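Student: I would like to know what stands behind the labels used for a structure. Please set each value against its definition.

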Amino acid sequence: MSLLEIKNLYVEVDNHEILKGIDLRVNAGEMHSIMGPNGSGKSTLAQVLARRESYNVTTGEVFYDGKDLLAMKPEEVACEGIFMAFQYPVEIPGISNAYFLRSALNAIRRHRGLDEVDAMDFLPMFREKLKLLDMDEKLMNRSVNEDFSGGEKKRNEILQMAVLEPKLAILDETDSGLDIDAMRIVAKGVNSMRSPERAIVVVTHYQRLLNYIVPDFVHVLVNGRIVRSGGPELALELEEKGYGSMEAGARQATSA
Amino acid sequence: MSSNLNTIRDLADREYKWGFVTDIEEERVPKGLNEETIRVISAKKDEPEFMLQWRLKAYHHWASLERAEAEPKWANIKYGPINYQEITYYSAPKRKLSLQNLEELDPEILRTYEKLGIPLEEQKLLAGVAVDAVFDSVSVATTFKDKLAEIGVIFCSFSEAVQKHPDLVQKYLGSVVPYTDNFFASLNAAVFTDGSFVYVPKGVRCPLELSTYFRINAAETGQFERTLIVADEGSYVSYLEGCTAPIRDQNQLHAAVVELVALDNAQIKYSTVQNWYPGDKEGKGGIYNFVTKRGKCLGVNSKISWTQVETGSAITWKYPSCILQGDNSVGEFYSVALTNNYQQADTGTKMIHIGKNTRSTVVSKGLSAGHGQNTYRGLVKILKGATGARNYTQCDSLLIGDKCGAHTFPYIEVRNSTARMEHEASTSKIGEDQLFYLRQRGLKPEDAVSMIVNGFCKRVFRELPMEFAVEAQKLLSVSLEGSVG
């Protein structure tokens with residue numbers, strides 16, 4: 001059984017069809033990259049998997065760990081082990097990063113029938129992850145994402161992923177707005193999370209992140225459909241030829 | 001979005017837990033207000049002549065105001081006419097004339113306070129807090145009195161202060177809020193029945209938090225308490241007040257007055273967690289909370305700090321203020337005001353800078369949910385002589401849902417060109433983005449809202465004494481129940 005199985009998924013936003021029949025299987029231990037030009041529906045797919053409610057699924061099914069994902073609420077999805085790194089992380093003024101993350105961890109632990117982690121046990125673990133992502137300890141006490149630079153916000157997302165240890169991580173354009181040093185650090189964090197029990201889906205516009213995070217599978221999403229799937233070499237082909245060739249291919253496929 | 005909105009709404013609709021009634025025999029004066037009512041109240045309390053005369057002057061002043069325009073009309077609140085002849089002005093549990101210790105207190109009253117989480121038996125109390133319990137019109141018990149007396153701190157009911165310390169009462173009563181101050185302050189001066197009195201002598205740092213817990217129990221009564229706190233030179237005191245009332249269909253009037261006086265180098269910290277019955281979901285019933293609170297920094301280097309968390313009452317009309325008369329004196333106002341369902345609040349502060357180098361800080365956090373209307377109204381006034389005065393004001397509003405309102409009326413009057421003023425203001429909405437972000441991390445919608453709200457109020461909560469801060473956070477999440485939406 002695949003960890004994630006998407007079957008013939010159609011999605012509308014504001015009565016506008018964005019995804020037009022997505023099929024995708026992701027197994028534990030795999031890393032997938034979903035690539036595509038702006039407006040192709042990449043982020044929509046990520047948001048639907050995280051169960052954002054403003055997205056309207058018109059047709060199709062999604063199974064996560066054998067369960068009907070589309071019947072779950074966002075917090076249930078999170079507690080069941082799906083984590084999404086946001087393209088635009090949100091600020092929560094007045095709430096420290098450490099407090100926020102411990103609350104999230106404990107919500108997930110409660111859901112799984114585990115004991116809550118107190119502040120004393122949480123701190124050493126938090127510090128270790130901070131180090132992994134080359135983040136300043138001061139970040140623990142700063143308000144969530146408030147006055148963070150773009151790069152800090154993205155690193156903070158990966159930090160949260162490292163602490164929450166999801167089964168399925170979806171990275172929505174985590175590379176956008178990162179300079180090369182920050183990209184290396186983020187990649188190091190993501191690579192450290194690879195494990196046989198975990199699947200990672202990297203949604204990105206550019207190939208450059210994939211120099212540091214090498215996926216097992218690459219899928220090209222154009223105009224709401226996956227037009228090609230392949231190995232990491234597909235990303236390099238895209239880098240060389242651009243999305244244009246794929247779009248042309250997609251048009252041919254449709255008219256054929 | 002809509003399901004997020006519904007969750008916010010559900011969250012705001014949790015029940016008011018303090019709404020029970022204590023069944024107890026009460027002694028009341030007949031409904032209505034006239035000169036005779038005042039005389040009866042004064043006689044019941046066996047007051048000296050100066051008190052009766054002061055009350056009568058206040059009554060006549062109030063009566064003239066009532067004939068003219070009655071309540072002040074400038075506030076951003078709406079309510080039907082109040083019939084002052086339909087209110088009972090004195091209601092007290094029947095009891096022995098003088099209460100020597102807690103064993104003599106009616107066990108029903110003791111149980112009431114226990115139920116409210118305010119045990120009056122001293123050994124059960126939080127370490128470091130002394131409590132004066134006011135039940136309807138009278139103070140029923142004051143704890144740790146003897147311990148405080150050893151260091152010269154007077155902490156007792158107002159009635160007792162009138163009997164035992166008439167000189168102090170006569171000297172300071174009305175010195176900050178005169179009986180002519182406003183309609184409700186005049187009414188209070190005429191009919192006030194009890195309250196707390198604190199005097200901290202020179203150089204004494206009061207080792208306990210002093211606290212008054214106000215409880216309205218009887219129906220169709222008004223509660224008019226008066227608190228007077230005097231901090232003598234170089235002293236310090238921290239004072240807390242809490243309040244609750246039973247659930248009733250009728251609106252009940254609460255018109256209190258608080259006066260604070262800080263002499264040279266003295267500091268008073270006054271914290272309020274106000275949780276009067278707010279009315280039901282349709283806006284029926286609830287307390288009309290018309291309160292005048294003012295502190296005077298009379299001495300040099302003195303400091304008065306107000307912190308309030310206002311979650312209850314159908315209507316809140318209060319402006320805890322500071323008169324910064326002494327040079328280098330400091331005034332502070334930290335406020336969280338929440339309006340949910342059909343609650344209305346018009347609250348804020350006045351900072352009057354008279355002395356040189358006086359400083360004031362105003363931090364106001366207004367939360368509106370349901371159909372709640374929340375108004376911040378503040379005045380910062382720098383007088384001619386207040387050279388080097390400074391003010392910092394921060395005024396933020398958070399909206400939960402799309403049927404509530406937030407309004408801001410800041411007034412600034414500067415008569416001295418050396419003054420420095422800063423004013424920051426913001427209005428934000430708990431957005432779908434914030435909620436989704438927190439839910440994606442595993443938090444339930446109600447916990448997500450509570451986290452956003454607590455973050456928003458943090459600057460104010462950290463001014464509260466520890467136990468109160470925890471209480472305030474809980475109260476806020478209860479008061480918001482059903483509002484996620």
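This is a predicted model: local features need pLDDT of at least 70, side-chain atom pairs count only at pLDDT 80 or more; totals for chains, interfaces and linings use all residues.

Student: What makes B:Thr339 count as buried?

Tutor: A residue is buried if 20 or more other C-beta atoms lie within 10 Å of its own, exposed if 12 or fewer, and partly exposed in between, with C-beta atoms placed from the backbone. B:Thr339 has 30 C-beta neighbours inside 10 Å, so B:Thr339 counts as buried. By this definition 57% of the 485 residues of chain B are buried.

Student: Where is B:Thr339 placed, and which residues does B:Thr339 touch?

Tutor: B:Thr339 lies in strand β17 (residues 330-339) of chain B. Helices (H or I, at least four residues) and strands (E, at least two) are DSSP runs, numbered from the N terminus; chain B has eleven helices and 23 strands. Contact means that the C-beta atoms of two residues, placed from the backbone, lie within 7 Å. Leaving out residues up to four places away in sequence, B:Thr339 touches B:Gln344, B:Ala345, B:Ser368, B:Gly372, B:Gln373 and B:Asn374. The C-alpha atoms of B:Thr339 and B:Pro278 are 8.9 Å from each other, and these residues are 61 apart along the chain.

Student: Which residues of α3(B) are buried, and what do they pack against?

Tutor: B:Arg55, B:Ala58, B:Tyr59, B:His61 and B:Trp62 are buried. The buried residues of α3(B) pack against α2 (35-44) and α8 (183-191) of chain B. The axes of α3(B) and α8(B) are 7 Å apart, at an angle of about 145 degrees.

Student: Why are α4(A) and α5(A) called oblique to each other?

Tutor: Axes are lines fitted to C-alpha atoms, for helices over the stretch in contact, and angles run from 0 to 180 degrees between N-to-C directions. Under 35 degrees counts as roughly parallel, over 145 as roughly antiparallel, 65 to 115 as roughly perpendicular, and the rest as oblique. Helix α4 (residues 119-132) and helix α5 (residues 150-164) of chain A cross at roughly 135 degrees, their axes coming within 10 Å. The two helices are therefore oblique. The contact is made by A:Phe126, A:Lys129, A:Leu130 and A:Leu132 of α4(A) with A:Leu159, A:Ala162 and A:Val163 of α5(A).

Student: What makes up the contact of α4(A) with α5(A) by class?

Tutor: Ala, Val, Leu, Ile, Met, Phe, Trp, Tyr, Cys and Pro count as nonpolar, Asp, Glu, Lys and Arg as charged, and the others, Gly among them, as polar. The contact has six nonpolar, no polar and one charged residues.

Student: How many residues are in contact between chain A and chain B?

Tutor: 22 residues of chain A are in contact with 18 residues of chain B. On the side of chain A, α3(A) gives the largest share, five residues.

How values were computed:
Residues are numbered from 1 along each chain as its sequence is written. Chains are lettered from A and ligands numbered from 1 in the order in which they are written.
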